[in-house]
Amino acid sequence: MRDEISDLKFFCILAAAGSIAGCARAMGMSPAAMSRRLSAMEARLGTRLVTRTSRHFALTAEGQRLHEHAVRIMHDVEEAEAELTARADRPHGLLRVGVPSELGRKMLAGVVATFVEQYPEVTVHLILSDAGLDVIDDGLDIAIRPGMPTDQEVMTTSLLNSRRVVCASPEYCARKGLPATPHDLLKHDCICLIRRQRIFNEWVYLDGRVRKEVHVTPRLATSSSEVVHDWAVSGRGIALKVLWDIADDLKCGRLIECLSAYAWEDVTLHAVYPSRTHMPPRTRFFLDFVRRELRRNYFGI
């Protein structure tokens, strides 16, 4: 298609110049090169476009019709390019963003709504799922997720960092007592998350500077991080949650932090996207906006 458009542009210049020599001057090339290009174009189309001798140059009937179409096509191409250039620094179009359910509902929904208010030419489809959305397979522009993706073909950027917290409700703590050490978790009712048939029951912490793990045995496990949260608040057991998910619960006393003397493994929220090459303005603006808003709203998390 690119060669055909280039040929049409050449033919418009040739017709306007009225000669091979004039076309060569306009395009900064030799007359011989212009003559060869015209001959190749006529051969491809299977018809003579120009009657030309050393004294005479005129478009044939077929050349006239092609020129009329070429002028209209080139006008449309130039108009489209001008519109794209004018909008190059202004975000517009559809953006599909995938986020885990609880994180999307609590942290991203409001940010996305504010973004489209500020950039009204952008439409955002916010896809909430705990199934582990994939930016390529699920046709997303951006996937926002805790931790790094396993796919090495995608690009990532960090949005927010937070620590994990072992937590339980006051009712559970009153009934079962508080664990004094990570090893005590083996005697407690733990709640774990499931992802793609894997149970996340290896809870990682630092004992001084030594990285250790405690392998808890869950009484309850689910693929929904929101259900983990609800079970913990309702006194069903102890959960390991990211601080940004439960900060409000800790402030108002719905949950109590356990084992605060130990540093539990941090988690980083990443944005995953297919490529940095030719990134649309809507994607670039959205990433910058979300990073800024999350860090402003959750500073110190």
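In helix 2 (residues 20-27), I20, G22, C23 and A24 are buried, meaning under 20% relative accessible area with a 1.4 Å probe, protein chains only. Just after helix 2, G28 takes a positive phi of about 65 degrees. Helices here are DSSP runs (H or I, at least four residues), numbered from the N terminus.

This is a predicted model, in which local features need pLDDT of at least 70 and side-chain atom pairs count only at pLDDT 80 or more. Residues are numbered from 1 along each chain, and side-chain values use heavy atoms, without hydrogens and water.

The axes of helix 5 and helix 9, lines fitted to C-alpha atoms over the stretch in contact, come within 10 Å and cross at roughly 130 degrees. Angles run from 0 to 180 degrees between N-to-C directions. The two helices are therefore oblique to each other, a class left after under 35 degrees (roughly parallel), over 145 (roughly antiparallel) and 65 to 115 (roughly perpendicular). The following residues meet across the contact, with heavy atoms within 4.5 Å.

| Helix | Residues in contact |
|---|---|
| Helix 5 | M107, L108, V111, V112, T114, F115, Q118 |
| Helix 9 | R282, F285, F286, F289, V290, E293, L294, N297 |

These residues divide into 10 nonpolar, 3 polar and 2 charged.

R292 also lies in helix 9. R292 is partly exposed, with a relative accessible area of 45%, between the 20% limit for buried and the 50% limit for exposed. The C-alpha atoms of R292 and L159 are 8.2 Å apart in space, although the residues are 133 apart in sequence.

Key
Ala, Val, Leu, Ile, Met, Phe, Trp, Tyr, Cys and Pro count as nonpolar, Asp, Glu, Lys and Arg as charged, and the others, Gly among them, as polar.
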